[in-house]
Amino acid sequence: HDGIRTDVLTPDAEAAVSLGRLERPLTRADEVVTFVARNLEPARGFHVFMRALPEILDARPGARAIIVGGSGVSYGRASDDPGGYRAMMEREIGDRIDWKRVHFLGRVPYSSYLDILRISRCHVYLTVPFVLSWSLLEAMSMGAAIVASDTAPVREVLDHGQTGLLVDFFDPSALARQVTQVLADPDGHGELGRAARRHVVEHYDFHTRALPTHVGRINDLVSARERFAPG
């Protein structure tokens with residue numbers, strides 16, 4: 001893996017996110033569930049998350065969902081709907097949800113994205129078997145309590161019950177139940193985020209793990225006089 005800057009991607013108890021229609025910024029004290037993808041599409045489980053959302057918000061009347069991502073596609077077939085998969089799911093869910101508590105932010109600046117993950121009480125990451133998103137490792141590095149799909153790339157970095165919680169990709173109700181539990185008991189699930197950060201620092205930090213590994217493998221391919229050291 002390329003590695004991530006765990007020295008930069010740190011938890012921040014003072015992080016806050018301002019949303020236009022709210023009177024005050026959201027913080028870690030709020031029940032915020034987050035979902036992030038480059039584009040909101042089935043390959044990243046957007047439809048599964050949206051089908052779970054009515055049950056989540058019904059069970060937790062104070063919760064809000066922050067959703068980050070574009071309306072195009074990165075990996076799969078484009079939606080037949082001009083509004084993309086977001087429009088399809090909004091139409092499917094209809095009035096079964098309180099849309100005032102759902103915040104679609106589109107694509108946001110990187111600094112804003114980091115603060116969104118820092119205030120997340122429960123971060124949802126879903127994917128079909130494919131390349132793992134950098135965003136999952138970044139969320140782990142910032143100490144988020146994560147509920148993710150029990151799929152091949154996710155199992156490489158998340159250990160169920162230790163560094164995160166895994167659910168069946170195709171079961172929105174199971175996802176909703178697990179997210180609801182995390183939202184209801186942040187103290188009881190706080191160790192998941194702390195353990196996730198420790199795991200990423202140990203195995204995926206750019207400076208101490210990824211870069212030395214890459215340099216070592218490159219040096220194995222060249223003569224001694226051509227070798228170099230990072231720094």
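This is a predicted model: local features need pLDDT of at least 70, side-chain atom pairs count only at pLDDT 80 or more; totals for chains, interfaces and linings use all residues.
**Entry 1: the largest pocket**

The largest pocket holds about 420 Å³. I then asked which residues line the largest pocket nearest its centre. They are Val-36, Ala-37, Arg-38, Tyr-113 and Ser-135, out of a lining of 18 residues. Next I looked up the elements behind this lining: β1 (32-39), β2 (64-70) and α4 (134-141) each give at least two residues to it. Sorted by class, I find eleven nonpolar, three polar and four charged residues in the lining of the largest pocket.

**Entry 2: the second largest pocket**

I moved on to the second largest pocket, with about 220 Å³ of space. Its lining has 15 residues, and Arg-28, Gly-143, Pro-186, Gly-190 and Arg-194 sit closest to the centre. Which helix gives the most to this lining? I noted helix α7 (residues 186-204), with six residues. The class count for the second largest pocket is six nonpolar, five polar and four charged.

**Entry 3: α3 against α4**

Helix α4 had come up at the largest pocket, and I wanted to see how it packs. The axes of helix α3 (residues 110-119) and α4 approach within 9 Å, crossing at roughly 55°. I therefore put α3 down as oblique to α4. The crossing of α3 past α4 is right-handed. On the α3 side I listed Tyr-110, Tyr-113 and Leu-117 in the contact, and on the α4 side Ser-135, Glu-138 and Ala-139. Four of these contact residues are nonpolar, one is polar and one is charged. Two names were already in my notes: Tyr-113 and Ser-135 are also among the residues nearest the centre of the largest pocket.

**Entry 4: α4 against α7**

I followed α4 to its contact with α7. Here the axes come within 7 Å and cross at roughly 115°. From α4 I wrote down Leu-137, Met-140 and Ser-141; from α7, Gly-193, Ala-196, Arg-197, His-199, Val-200 and Tyr-204. By class, the contact of α4 with α7 has five nonpolar residues, three polar and one charged.

**Entry 5: α7 against α8**

I stayed with α7 and checked helix α8 (residues 206-219). The axes of α7 and α8 come within 6 Å, and their crossing angle is roughly 35°. The contact joins Val-201, Glu-202, His-203 and Tyr-204 of α7 to Phe-206, Thr-208 and Arg-209 of α8. I count three nonpolar, two polar and two charged residues there.

**Entry 6: His-47**

Last, I picked a single residue. Where does His-47 lie? I found His-47 in helix α1 (residues 46-59). With neighbours within four places in sequence set aside, His-47 is in contact with Pro-42, Met-89 and Phe-169.

Conventions:
Residues are numbered from 1 along each chain as its sequence is written. Side-chain values use heavy atoms; hydrogens and water are left out. On a 1 Å grid over the protein atoms alone, a cavity is a set of points where a 1.4 Å probe fits but cannot get out, and a pocket is an open set with protein on both sides within 12 Å along at least five of seven lines; lining residues have an atom within 4 Å of a point. Grid points are joined across faces, edges and corners, and a volume is the space filled by probe spheres set on the points. Helices (H or I, at least four residues) and strands (E, at least two) are DSSP runs, numbered from the N terminus. Ala, Val, Leu, Ile, Met, Phe, Trp, Tyr, Cys and Pro count as nonpolar, Asp, Glu, Lys and Arg as charged, and the others, Gly among them, as polar. Axes are lines fitted to C-alpha atoms, for helices over the stretch in contact, and angles run from 0 to 180 degrees between N-to-C directions. Angles under 35 degrees count as roughly parallel, over 145 as roughly antiparallel, 65 to 115 as roughly perpendicular and the rest as oblique. A crossing is left-handed if the near helix is turned anticlockwise from the far one by less than a right angle, and right-handed if clockwise. Contact means heavy atoms within 4.5 Å.
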